[in-house]
Amino acid sequence: MPSKTTWRLAALTVAAVSTATGAVVLSSPASADEVRVHDVQGETRTSPLAGQQVTDVPGVVTGVRTYGSKGFWIQDTEGDGDEATSEGVFVFTSSAPQVAVGDKVLVDGTVTEYVPGGANSGNQSLTEITEPTVTVESSDNELPEAELLDAESVPDAYSPEGEGEDGSVNGLPLRPDTYALDRYESLEGMNVRIGTSRVITATDAHYELWVTVKPKERPTERGGSLYNGYSAQNGGRLQIQSLIPAADQAFPKADVGDTLAGRTEGPLDYSQFGGYTLTARSLGAVEKGGLKRESTRPQQRDQLAVATYNVENLDPTDPQSKFDRLAEAVVRNLAAPDVLALEEIQDNNGAKNDGTVAADATLEKFTAAIEAQGGPRYEWRSIDPVDKADGGEPGGNIRQVFLFNPDRVSFTDRPGGTATDAVEVRENGDGKAALSASPGRISPDADAWKNSRKPLAGEFVFRGRTVFVIANHFASKGGDQALHSQFQPPVRGSEEQRHQQAREVNSFVKDLLSVQKNARVITLGDINDFEFSATTRLLEDDRALYSAIKSLPKKARYSYVYQGNSQVLDQILVSPAVRDRGFSYDSVHINAEFAEQNSDHDPQVLRFKP
């Protein structure tokens with residue numbers, strides 16, 4: 001007699017079919033006799049049997065997951081010969097599954113469409129069998145041959161366009177020979193493999209990394225995959241996780257440009273944090289590519305160096321080692337810029353939510369660390385925000401800060417700048433522009449800045465020339481639908497606020513230029529949007545500004561690496577007087593490509609002669 005083990009869920013996770021609107025619709029239970037895995041999967045992204053009870057679904061166990069979403073994968077060894085129908089499926093359990101790889105099983109349960117991240121996320125759904133009863137018929141069976149994912153088997157086109165008002169692809173027949181997402185979906189739950197592949201996102205804290213199975217697909221000059229347009233999704237990106245216990249094989253630490261060498265094999269899963277994921281039953285070895293952290297050149301004596309750096313929620317409760325590493329980067333990698341705009345400086349007790357808004361302790365500790373590394377004794381200027389009004393980590397009260405080297409550049413202090421008072425542009429009596437308050441905040445009461453960081457404007461003087469600097473940290477991309485969303489093209493809902501913010505900053509710069517046509521204006525920071533985005537175009541409107549990162553070769557235009565894509569989030573934009581006189585620009589790659597990071601952003605540096 002075969003052994004039988006039964007798992008029961010306390011409640012059904014999502015026994016549903018995801019509709020184009022993201023709503024959840026329960027199907028009427030029905031019996032389905034002699035069902036195979038390909039019948040469960042069907043020829044679209046959602047199962048034709050969703051919500052139905054199935055019995056004796058046969059397959060061989062190809063992977064077991066004992067953490068997170070616990071369960072195991074089975075694959076039918078016979079198949080139906082249809083490339084559009086997957087022969088693998090995930091069996092979701094409420095406790096550690098009692099099967100082993102190679103077991104031949106029969107599964108009873110409910111066919112479920114589970115949406116990782118929830119129906120409102122816009123993610124695709126994962127077809128599962130839930131509330132399973134499992135019969136183990138035999139053990140140590142040969143596994144089905146793994147499907148190879150490579151440059152030939154994964155199409156260049158990323159996804160079909162969705163249908164209906166919401167643009168869902170759920171109801172479209174899969175075309176795995178035409179679209180990358182369809183190819184992956186047609187293999188959902190199946191045993192897949194990759195050969196030696198280049199790492200395009202470094203190992204992160206969750207023990208995952210990204211490779212490309214299409215090595216010629218928009219490579220950066222340092223080994224990543226470049227995201228340089230909304231139609232440049234890079235379908236060769238593939239997330240790698242491990243099913244191997246850490247005690248047996250630690251997950252490899254890899255940087256961009258390294259190689260995951262040899263054969264990596266296991267079931268193909270779908271995750272809310274990156275979409276299609278090879279959950280490795282066997283894992284290749286990392287061969288180092290030798291990627292080095294960059295250092296920019298020092299500015300010349302008559303050049304003003306202005307930089308921006310998101311220091312990722314820096315506060316005094318962080319270990320001294322974080323301050324020291326960030327400080328070393330300022331001195332060694334950024335060559336001690338004359339003006340440094342910082343984003344994500346937190347208040348004096350970080351995320352403790354007790355009404356504290358001052359950040360002098362944070363800044364004193366950071367500037368002291370810079371000096372200890374051999375850098376200048378920077379001074380700082382900032383404006384404390386209203387408590388809990390600027391977004392970010394609750395209680396942290398992040399804000400932008402100017403650091404400046406008083407031996408090289410002076411700051412024009414002009415009183416009146418507060419968290420809620422708007423700075424204005426004035427004419428100083430000789431046809432030159434001036435700020436009503438320095439530092440000051442741009443239109444802090446405007447709807448554009450609701451629950452978001454307000455821009456910080458300041459006047460600097462370098463070798464007798466006034467330079468206006470505006471430090472920004474625009475609204476995040478939180479809530480946007482993912483590139484792998486069921487909605488194609490995905491909705492970028494967070495753009496609306498950044499567009500409003502860009503209009504506010506552009507209008508302020510135009511006010512400066514209307515008073516002084518040749519005003520030297522630098523607008524910089526974590527713009528949270530791409531150099532090709534509408535946000536950037538709105539900042540640049542009427543040639544008021546120019547995004548200087550566009551002066552770099554295309555393969556060098558990135559400051560952040562996200563889910564396998566090297567992309568721009570941090571920018572420095574310059575007014576015509578700066579652009580026309582010439583400048584040099586550097587995106588200094590010291591963080592985003594590495595497993596060990598001081599921040600998740602790469603700093604940006606611009607040098608020019610005012």
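Two strands pair if DSSP finds at least two bridges between them. Helices (H or I, at least four residues) and strands (E, at least two) are DSSP runs, numbered from the N terminus.

Residues are numbered from 1 along each chain as its sequence is written, and side-chain values use heavy atoms, with hydrogens and water left out.

**How confident is the model?**

- pLDDT is the predictor's confidence in each residue, from 0 to 100.
- The protein has a mean pLDDT of 94, and 95% of its residues reach 70 or more.
- Residues 1-32 have a pLDDT below 50; beyond near neighbours in sequence, this stretch has 87 contacts in the model (contact means heavy atoms within 4.5 Å).
- Where pLDDT is low, the predicted coordinates should not be read in detail.

- Strand β14 (residues 237-242) and β17 run parallel and are joined by four bridges.
- Across from S242 stands A280 in β17.
- F273 sits in the loop between β16 (264-271) and β17 (275-280).
- With a relative accessible area of 54%, F273 is exposed (buried means under 20% relative accessible area, exposed over 50%, partly exposed in between, with a 1.4 Å probe and protein chains only).
- Leaving aside neighbours within four places in sequence, F273 is in contact with W210, Q239 and Q563.
- F273 and A482 are 209 residues apart in sequence, while their C-alpha atoms are 9.0 Å apart in space.

**A six-stranded sheet**

- This open sheet has the order β21-β22-β20-β19-β35-β34, and its pairing is mixed.
- Its edge strands, β21 (379-381) and β34 (583-587), each pair on one side only.
- Neighbouring strands of this sheet are turned by 20 degrees against each other on average, direction ignored; axes are lines fitted to C-alpha atoms, for helices over the stretch in contact, and angles run from 0 to 180 degrees between N-to-C directions.
- Five bridges pair β20 (residues 339-345) with β22 (residues 399-404) in the antiparallel sense, and L340 stands opposite L403 in β22.
- P406 lies in the loop between β22 and β23 (410-411), and counts as partly exposed at 34% relative accessibility.
- Not counting residues up to four places away in sequence, P406 touches R377 and E379.

- Helix α3 (residues 320-333) lies across β19 (304-314) and β20, running at about 165 degrees to β19.
- Helix α4 (residues 360-372) packs on the sheet, where it touches β19, β20, β21 and β22; its direction makes about 35 degrees with that of β22.
- The buried residues of α3 include F323, L326 and V330, and what covers the buried residues of α3 includes β19, β20 and α4.
- Just after α3, A335 takes a positive phi of about 60 degrees.

**A buried serine in a loop**

- S599 lies in the loop between β34 and β35 (604-608), and counts as buried at 0% relative accessibility.
- The side chain of S599 reaches the backbone oxygen of N310 at 2.6 Å.
- A polar atom of that S599 side chain lies 3.1 Å from the backbone nitrogen of H601.
- Leaving aside neighbours within four places in sequence, the contacts of S599 include Y309, V311, E312 and N591.

**A covered strand, β28**

- Strand β28 (residues 465-473) is mostly covered, as seven of its nine residues are buried.
- Strand β27 (residues 456-462) runs antiparallel to β28, joined by seven bridges, and F460 has V467 in β28 as its bridge partner.
- The hairpin of β27 and β28 has two residues between the strands, and R463 there takes a positive phi near 50 degrees.
- β28 also pairs with strand β29 (residues 520-526), in the parallel sense and over seven bridges; here A471 stands opposite L524 in β29.

How values were computed
Predicted model: local features only at pLDDT ≥ 70, side-chain atom pairs only at ≥ 80, totals over all residues. Polar contact = N/O pair within 3.5 Å; in protein donor to acceptor, adjacent residues only side chain to side chain.
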